[in-house]
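Reader: Could you walk me through a model and show me how to read its features one at a time?

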Number of protein chains: 2
Amino acid sequence: MSERYEIRVAGSGGQGVILAAVIIGQAAALMEEGLNSVQTQAYGPEARGGASKSEVVIARGEIDYPKATKPNLQVILTQKAADEYAGDTARGGTIILDDTFVQKDPDVEANIFRLPIVKTARDVIGREIVTNMVALGAVARILEVDGQMKSESIKNTILASVPKGSEELNTKAFEEGYKLMKEKK
Amino acid sequence: MSERYEIRVAGSGGQGVILAAVIIGQAAALMEEGLNSVQTQAYGPEARGGASKSEVVIARGEIDYPKATKPNLQVILTQKAADEYAGDTARGGTIILDDTFVQKDPDVEANIFRLPIVKTARDVIGREIVTNMVALGAVARILEVDGQMKSESIKNTILASVPKGSEELNTKAFEEGYKLMKEKK
């Protein structure tokens, strides 16, 4: 894996982007992965009313600078987030877009995958609240293909993080997201 | 207020320290407060099995370095967290300790307040899961006295962050924590 890998999850307030990023950060630090990670969110007057974003930096070594400046992987769940953040993607990086809320493909050089994340949460799982877990499934597939970490590490961290009784709902959402991405890459 | 104010919430896995720090960061950025904030957590091999910590930096201006190096305010919910982190407190800073899980006062120069945070969650509210909300009440009082932000800003952010139906439980926990701290400062 590369020395430093940056991930950003961006969307609107209620989409659970913080929890998604927290789970990626925790998964990276599992014994089996042995990585370091730093997870951040910034808030401020300029962010208000804008898109909400949450970031994770993972690395085998120490992480000096904790923010994502050129994300290797972005998950973008609203048009506003696409407009604001897609342009930052690292050269050769990946963007996963939600096909309900992002209408216009960003005009950037990146591997862009348009997936029915919100639709799957709504229609397959029946609960839009698991949008972030569907997104995590797609993320897990990319991280696996990119050689960053095993998809199981993210799944196990989800199991340990969600409220008791909701494990099945959340892992089903995760698996659907994983499948969506696997069909493409 | 000072140019930069650092807050750290430290405890063990299930105590909700991340949500507490996220809420402080979001409250700082409310229109009425107009501050910038950055909220972070770091994970890694050396953190595994150790104390869990979550940090927020707030400032009127831009925040260059997002981690807390000399926290002005620390909330410490376990003995392990006390042993690891109490020594970092800024000169003239404040430590709020939970009196159930922290048995030994740290030997550091700081304003130390020993409060029944976990006991209040358990016995007054009847739900240990709101430990973090009781802690936030105590934090809100300190931030108010220190001139950083209004306690209402944290309370309103809690209302906007917790699951529907749990608002009363969580704000009651917040208010009990605020009272605990107000009796002392």
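Predicted model: local features only at pLDDT ≥ 70, side-chain atom pairs only at ≥ 80, totals over all residues.

Reader: What does the radius of gyration say about chain A?

Author: The radius is taken over C-alpha atoms, and the globule rule is 2.2 Å times the number of residues to the power 0.38. For 185 residues a compact globule would come near 16 Å, and the 15 Å of chain A agrees with that. Its C-alpha atoms fill a box of roughly 40 × 40 × 35 Å along the principal axes. Two residues are in contact if their C-beta atoms, placed from the backbone, lie within 7 Å. Among the contacts in chain A with a separation of 6 or more, 60% join residues 24 or more positions apart.

Reader: What relates chain B to chain A?

Author: In general, two copies of a chain are related by a rotation about an axis and a shift along it. Here the copies are superposed by least squares on the C-alpha atoms of residues with pLDDT of at least 70 in both. A rotation of 180 degrees with 0.0 Å of shift along its axis places chain B on chain A, with an RMSD of 0.0 Å. That is the relation of a two-fold axis. The C-alpha of chain B nearest the axis belongs to Thr40(B), 2.2 Å from it.

Reader: Which elements of chain B touch chain A?

Author: In all, 22 residues of chain B are in contact with 22 residues of chain A. The elements giving two or more residues to this side of chain B are H1 and strand E2 (36-43), and E2(B) supplies the largest share, eight residues. Because 100% of the interface residues of chain B are also interface residues in chain A, the copies meet through the same surface.

Reader: Is H1(B) buried or exposed?

Author: A residue is buried if 20 or more other C-beta atoms lie within 10 Å of its own, exposed if 12 or fewer, and partly exposed in between. Twelve of the twelve residues of H1(B) are buried, so this helix is largely enclosed by the rest of the structure. Among them are Val17(B), Gly25(B) and Gln26(B). H1(B), residues 17-28, reaches 17 Å from its first C-alpha to its last, close to the 16 Å expected at 1.5 Å a residue; that expected span is 1.5 Å times one less than the number of residues.

Reader: Which residues touch the most other members of the largest nonpolar core?

Author: A nonpolar core is a set of buried Ala, Val, Leu, Ile, Met, Phe, Trp, Tyr and Cys residues joined through C-beta atoms within 7 Å. The largest one has 122 residues, and Ile76(A) and Ile76(B) touch the most other members. Leaving aside neighbours within four places in sequence, the contacts of Ile76(B) include Ala10(B), Tyr85(B) and Val102(B).

Reader: And where does Ala160(B) lie?

Author: Ala160(B) lies in helix H5 (residues 151-161) of chain B. With 13 other C-beta atoms within 10 Å, Ala160(B) is partly exposed.

Notes
Residues numbered from 1 in each chain as written. Chains lettered and ligands numbered in written order. Helix = DSSP H or I, 4+ residues; strand = E, 2+ residues; numbered from the N terminus.
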